[in-house]
Amino acid sequence: MLPKAMSVLINAALSSTGLLWIAPNSILVTGIRNDNIVHFVEGQIVHLECKSDLGTPKGTLRWENETKTVLLVNSSDNVILTLKTNRLHHLKYFRCVVDNGFFELSREVQFKLLLVPRVTIQPSGNKEVNESEDLRILCKNDNDSPGDIFTWTFEGRILIEQQPILWLLSITKHDSGQYICKVSNDAGDGRASVNLW
């Protein structure tokens with residue numbers, strides 16, 4: 001443990017003009033978990049507030065993403081990042097930085113988004129099948145989100161729910177038509193289809 005006087009020296013410095021520069025003591029981002037992860041739904045408007053004491057002299061407070069400064073505020077003890085989330089923000093980092101010209105302190109936050117389903121089907125498009133053939137059709141959410149709900153329909157009728165795989169056994173000409181897989185989650189719905197003939 002450092003003596004109290006020494007810890008003050010580590011968090012402060014004299015400028016060339018003889019002014020005492022003091023490091024910011026803390027930085028707080030509201031609405032995040034202890035692991036610095038925030039959870040949002042794709043398309044949601046997000047407000048993340050960053051607060052700091054700024055140190056002496058008063059510095060700047062800014063939000064950065066992985067490539068650039070996205071919001072800068074001078075001599076204020078808080079800055080609010082507001083944005084509409086999209087899939088490009090998923091698993092990306094944003095950082096709140098307080099900088100008084102001599103000392104810098106930051107807090108990093110990772111965005112985890114629940115994404116609107118992007119649905120694909122295999123086989124896709126148009127598929128010719130032979131009578132009495134068996135066919136397996138796979139429906140997949142490319143985002144692979146937890147809690148996805150699968151619904152298979154044919155000619156407007158629900159065939160099965162909760163299953164990503166549709167099995168058609170001993171196909172007949174009455175099975176010709178459009179099969180639609182709908183995937184739903186809290187972010188929205190996605191669909192894909194295959195036409196059998």
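Colleague: What counts as a disulfide here, and how many does a search of the whole structure find?
Modeller: A disulfide is a pair of cysteine sulfur atoms within 2.5 Å. This is a predicted model, in which local features need pLDDT of at least 70, side-chain atom pairs count only at pLDDT 80 or more, and totals for chains, interfaces and linings use all residues. Residues are numbered from 1 along each chain as its sequence is written, and side-chain values use heavy atoms, with hydrogens and water left out. For the whole structure, the search gives two disulfides.

Colleague: What is the handedness of the disulfide of Cys50 and Cys96?
Modeller: The sulfur atoms of Cys50 and Cys96 are 1.8 Å apart. Cys50 lies in strand β5 and Cys96 in strand β9, so the bond ties together parts 46 residues apart in sequence; strands (E, at least two residues) are DSSP runs, numbered from the N terminus. The torsion about the S-S bond is about -90°, so this disulfide is left-handed.

Colleague: How many residues does the largest nonpolar core have?
Modeller: A nonpolar core is a set of buried Ala, Val, Leu, Ile, Met, Phe, Trp, Tyr and Cys residues joined through side-chain atoms within 4.5 Å. Among those with the most contacts inside the largest one are Cys50, Cys96 and Phe111. Strands β5 (45-52), β9 (93-99) and β10 (104-114) are among those that each supply at least two residues of this core.

Colleague: Which strands stand at the edges of the open sheet of five strands?
Modeller: The order is β12-β18-β17-β14-β15, with mixed pairing, where two strands pair if DSSP finds at least two bridges between them. An edge strand has a single partner, so one side of it is left without a neighbour in the sheet. The strands at the edges are β12 (125-127) and β15 (157-161).

Colleague: Which residue in β15 stands opposite Phe154?
Modeller: Strand β14 (residues 149-154) and β15 run antiparallel and are joined by four bridges. Opposite Phe154 stands Arg157.

Technical notes: Buried means under 20% relative accessible area, exposed over 50%, partly exposed in between (1.4 Å probe, protein chains only).
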